[in-house]
Amino acid sequence: MKAKSRRTVLQKRNNLSSWLLSLPTILWLLCFFLIPYLIVIIYSFLTPDIYDVKFEFSLAAYRQVFTGGYLRPFFLSFKLAIYTTLGCLLLGFPVAYYIARANEKLKNTLLIFIIIPFWTNLIIRIFSWRIFLAHSGVLNATLMNMGLISQPLEILRTDLAVVLVMVYVYLPYMILPLYSVLEKLDFTLLNAAMDLGANEVKAFFSITLPLAVEGIFAGTLLVFIPALGAYLIPQLVGNQRSLYVGQVITYKIKNIPRNWPMASALSLTLLLLVALMLLIMYGLYRRHVARRQVS
Amino acid sequence: MKVFSRNWYKGLNLTAFSLVMAFLYIPILILIIFSFNDSRIIAGWQGFTFKYYILLFQNTAIKEAFRNTMMIAMLSTLISTTLGILTALALENKRFSGRKGLLALIYTPLVIPDILMGVSLALLFNFTRVNTGMITVLIAHVTFCISYTVIVVQSRLEGFDHSLVEAAQDLGARPSYIFWKIKFPLMMPGIIAAALLAFTLSIDDFIITFFTSGRGFDTLPIYVEGTIRRGTITTINSLSTLMIAFTLFLVVITKRIRKILVSAL
C-alpha cells in the first residue's frame, strides 16, 4: 500500500516534470504553428486591399477558388505530384535495391553518394539544371556536336523540365526509405523462389514488392505531399502558362495588388487536399497491414 | 540458363544505378566546371579562370547574405536543439499525460508542405504588425527545425541501453549526477545529429525565409534566387561551387565526429 502510493506520487512528479520540460516547445508551436493557421482562416474571410487586408467579412475568396479558374493550378499540382512520385519510384527502386544488395563496405559509400546531393543547397541544384538544359546549354551543345540533333531542344521552361527537376530533387527522399525496408529483406527467400521455378518477374511481384510496400508508403509521403506545394522548381524551370498552386499562392501574397484572403483560401484548400491524401494513404496502409496479417 | 538470367537482372540494377548517379551528379559537375569558365554566358568553354571567385569575394551583398545565413543557422540550431533535447526528455516518460497530443503537434508540421508554414507565418507577422527581418526569419527557422530535432534526439534516447542508468540508480547516484555523467554523454550523438540536421535545414531553406524575411534581409538562397531572376548570374557558379564544397566538408566532418564519439564511448 505504502509502496503503491509512493509510486503514484513519483509518477505525478514525473508527469509534472514532463509538462515543464516540454512547455517551451508547446508554447513555441502554439504561437508559431497553430495560431498562424487560425489567422489564415480569419484572413480567408476578409476583403483584399492593394497592400494589406480590410477587416470586412467576405466570401469572395472562396467563391473565386471554386469558380474563378483556380481549379487548374490545383489540377496541375496534383498531376505534378503524381508524376514526381512515379518518377522517383521507378528510378529509386532499382537504386535502393542495388544498394541493399551491395556488400557492407560498399553500402555506406553508395549511401553517401545518394545523400550528398540531398545536402547540397536546393537552389543550387535547380540552378545547375538551368545551365544543363538551357537553349545554348550543355545538353544541347553536346547533342549538336554529336550530330544527334540539328536544332537545340527547348526543354527549359516546359512542364517536362519541371517534372525532371522535381524527380531529381525528391529522389533521395524515395531511395532512403525504400533502402531501409529492402535492406531487411531476406534475399534467400528470392533465391528459394527462383530455385522453385519462379522467374525474376514473378519473384519480384510476389516477394520483393509486397515486402517493400512500407518503404513505398513512406517514400510517397515524403515526395507526394511536398510536391503538392512546389513553388521554387516550377518558378525557376517552368513557364508562366502553367502555374502551380504554390506559385499562385505566392503571387497573391508577394505581388501587388495583393490578395491575402485569396492566398489564405487557396492555402486552406491545399491543406484540405493534403489532409485528404494523408487519410487515403493511411486507409490504404491499414488495408495493406490487415491483408498481410490475414495471409 | 538460370545463372545467365540472374546476371541479367543484376546488370539491369547496376545500369539503373549508374544512370541515376549520372542524373544526380552531371548537373552539379557541370556547374563546378563552368565556375572556372572565362565567359560571361554559359555556352562553350572559353578557358580557365579564377576571375569569378575573386569577384565573389569583392561582392559585399554576397558577404552580407553569407553572414546572415550563418547567423540564422547557428541561432536556430542552438534554440531548436535545446528545445528538442527538453522535449525528447519529456517524451521519454511513457506515462506523460500530454504525450499523445505533443507527438501529434510535433509530427504535423512534417506532413504539411513548407509553403503553408511560410504563408501562415507571413500572415501572423502581418496581423501582429511585426517588422519582418532577422527576428522573424529566426522564429520561422526554429519553428520548422523543432520537429526534426525532437525526433532525432528522441530516437537516440529510445535506442540506448538503460541498464547503465539503472545501475547508477541502484548504486545510489544522485539524479543530477546520473543525468550529466551518464545520460547526457549517451545522448550526445543524437544531439549532434539533430544540430547538424537543423543547421543544414536552416541554410537550405528558401520558401519559408522568402515569406518571412523583409526587404534588406537576404539569406544566401534568397540572394541566389534574386540574382537568377534578375539575370545577373556571373558569380552564382562560383558561389554554388563553394557551397557544394562546404556540403562535402560537412559530410566529412560528421563522419569524423561520429567516429570520434564512437571511439570515445
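A salt bridge is counted where a side-chain nitrogen of Lys or Arg lies within 4 Å of a carboxyl oxygen of Asp or Glu. The structure is a predicted model, in which local features need pLDDT of at least 70 and side-chain atom pairs count only at pLDDT 80 or more, while totals for chains, interfaces and linings use all residues. Residues are numbered from 1 along each chain as its sequence is written, chains are lettered from A in the order in which they are written, and side-chain values use heavy atoms, with hydrogens and water left out.

Over all chains, the search finds 7 salt bridges. One of them joins Glu225(B) and Arg229(B), with N to O at 3.3 Å. These two residues stand 4 residues apart in helix 10 (residues 220-230) of chain B, so about one helical turn separates them; helices are DSSP runs (H or I, at least four residues), numbered from the N terminus. Glu225(B) is buried at 1% relative accessibility, whereas Arg229(B) is exposed at 53%. Here buried means under 20% relative accessible area, exposed over 50%, and partly exposed in between (1.4 Å probe, protein chains only). In chain A, salt bridges with shared partners link Glu104(A), Lys107(A) and Glu183(A) into one network.

Other pairs in chain B connect separate elements. Glu92(B) and Lys183(B) form a salt bridge of 2.8 Å, N to O. Glu92(B) belongs to helix 3 (residues 60-92) and Lys183(B) to helix 8 (residues 175-204), so the pair ties together parts 91 residues apart in sequence. Glu92(B) is partly exposed, at 24% relative accessible area, and Lys183(B) is buried, at 15%. In a further salt bridge, the closest N and O atoms of Lys94(B) and Glu158(B) are 3.4 Å apart. Lys94(B) is in the loop between helix 3 and helix 4 (99-107) and Glu158(B) in helix 6 (residues 134-159), so parts 64 residues apart in sequence are tied together. Glu158(B) is partly exposed at 48%; Lys94(B) is exposed at 55%.

Between the chains, 78 residues of chain B are in contact with 80 residues of chain A, contact meaning heavy atoms within 4.5 Å. The two chains bury about 7800 Å² between them, 77% of it on carbon and sulfur atoms; buried area is the accessible area (1.4 Å probe) that two parts lose on being put together, summed over both. Across this interface the rule finds 1 salt bridge. Arg129(B) pairs with Asp52(A), their closest N and O atoms lying 2.9 Å apart. Helix 1 (residues 2-34) of chain B supplies the largest share of the side of chain B that touches chain A, 19 residues.
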